[in-house]
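Biologist: Could you walk me through how to read pockets, cavities and helix packing in a model? I'd like the general idea and then the case at hand.

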Amino acid sequence: MSPRAGNAGPHTLAFVESPVQLLNVLEWAHAHAPGVGLTLVVLSPVDPMTRGQLRRMSDLARDEGHQVRWEEARGGPLAPFQTIGGLSGLLRRARRVVLGDPFSRYVQLLLTITRARDLVVVDDGTATMEFVGQLARGERLVRWHRKGGRPGPRDVVFAPVSASARRRLTPGERRHIEIFSSMPMEETPAGVTVRANTFAWTRTRFGPPRITKGADMVGTSLVETGVVDDGRYLEAVHALATAHGATRYFAHRRESTDKLHRLAAATGLEIVRPELPLELIARRGPIGRTVLSFPSTVVHTLPLALSGTEVRIAVCDIDPAWLTENASPRAQGFLSGVTGTARDVHRLSPTAPTPAPTPGNPTSPSGPTAPAPFTATPPSAGLVGPAAS
């Protein structure tokens, strides 16, 4: 075990399903549990990009002295039963449980087993803002982009488990709830301890980065979650990249390969598939002097991870015309709030879209646009890597 971590203090069990959750568990441990060795359980998803980033983050966790337990939690119809059965002993013995996604049905099931009196919720992106608000108002736990829709059959069946999880996440005489977050909290639930995530671990372990003269762009999964129209998104990316001279597009791990190929062909942007969360990629560098983004988690986290550098974060609001007909009625207000509450960012109004060229007619006002390659960031060398499709 690394000398950075030991076994002092109450046994802590952490559950993560995404690379960002794992990063924020490491940040929490660095800030508030120094010297305490975690047992970190990765409930692995099936998405290859997410799995790859989780593997890289697991290596970093081991370097910090934490034990990592990789669970093929979605490896077939029996996998959930096998995973939960295998973890029940650990859950009953744990005195503290750290979790990254209180909306996850997997995590909600695990919460019904644990006897831990200390529960810590670390950031899972902007969803944390919604979770805190719902907890403060005593509402059922529903992801923001689904709110307003009618519950499906699976939601009805799972409702008792979700209600039990919400009760366990409510502080009481024998239960302490902590939220560790870099997100703004408009409503703080009574009795909940809120601690700020300043990305101190990230800044300590990486950087400072080399800063380039150009602009980079951060992708979003708003199309994949059904919030923003695919065509409108491509037009907006093209207009934003053209206006600010962006050359690279850091893809969100959930963005579809088909969409990214069309985006590259239409805009000429180099599509980068990061192998680590963007906060770490940006801190290692190289990174553009301007980073362009739509409303997302990074408008809150990148200013913290890049504190002390000259990088400027510029955020483009979502035009209501870009939303799909199936988007939640709360989508526009929520996304506007994500940007409006961000600190140390430059806010951009939606630009009039420049029609994005199609692969069959790749032209734009500035001249021909050639398809750009997909690249991946190798674990030890910034952003220069082999082409990947």
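Biologist: What volume does the second largest pocket have?

Modeller: About 240 Å³. On a 1 Å grid over the protein atoms alone, a pocket is an open set of points with protein on both sides within 12 Å along at least five of seven lines, and lining residues have an atom within 4 Å of a point. Grid points are joined across faces, edges and corners, and a volume is the space filled by probe spheres set on the points. A word on the source: this is a predicted model, where local features need pLDDT of at least 70, side-chain atom pairs count only at pLDDT 80 or more, and totals for chains, interfaces and linings use all residues. Residues are numbered from 1 along each chain as its sequence is written, and side-chain values use heavy atoms, with hydrogens and water left out.

Biologist: Which residues lie closest to the centre of that second largest pocket?

Modeller: Of its 14 lining residues, Met129, Glu130, Glu186, Arg330 and Phe334 are the closest to the centre. Helices H5 (127-137) and H12 (331-340) each supply at least two lining residues, and H5 gives the largest share, five residues. Helices are DSSP runs of H or I with at least four residues, strands are E runs of at least two, and both are numbered from the N terminus.

Biologist: How many cavities of 30 Å³ or more are there?

Modeller: One. A cavity is a set of points where a 1.4 Å probe fits but cannot get out. The largest cavity here has a volume of about 50 Å³. Its lining consists of Phe15, Leu91, Val97, Leu99, Val107, Leu110, Leu111 and Thr114, and H4 contributes the most, three residues. By class that is seven nonpolar, one polar and no charged, where Ala, Val, Leu, Ile, Met, Phe, Trp, Tyr, Cys and Pro count as nonpolar, Asp, Glu, Lys and Arg as charged, and the others, Gly among them, as polar.

Biologist: At what angle do the axes of H8 and H9 cross?

Modeller: Two packed helices are described by the angle between their axes and the distance between the axes. Here H8 (residues 230-244) and H9 (residues 257-267) have axes that come within 10 Å and cross at roughly 40°. That makes H8 oblique to H9, since angles under 35 degrees count as roughly parallel, over 145 as roughly antiparallel, 65 to 115 as roughly perpendicular and the rest as oblique. Axes are lines fitted to C-alpha atoms, for helices over the stretch in contact, and angles run from 0 to 180 degrees between N-to-C directions.
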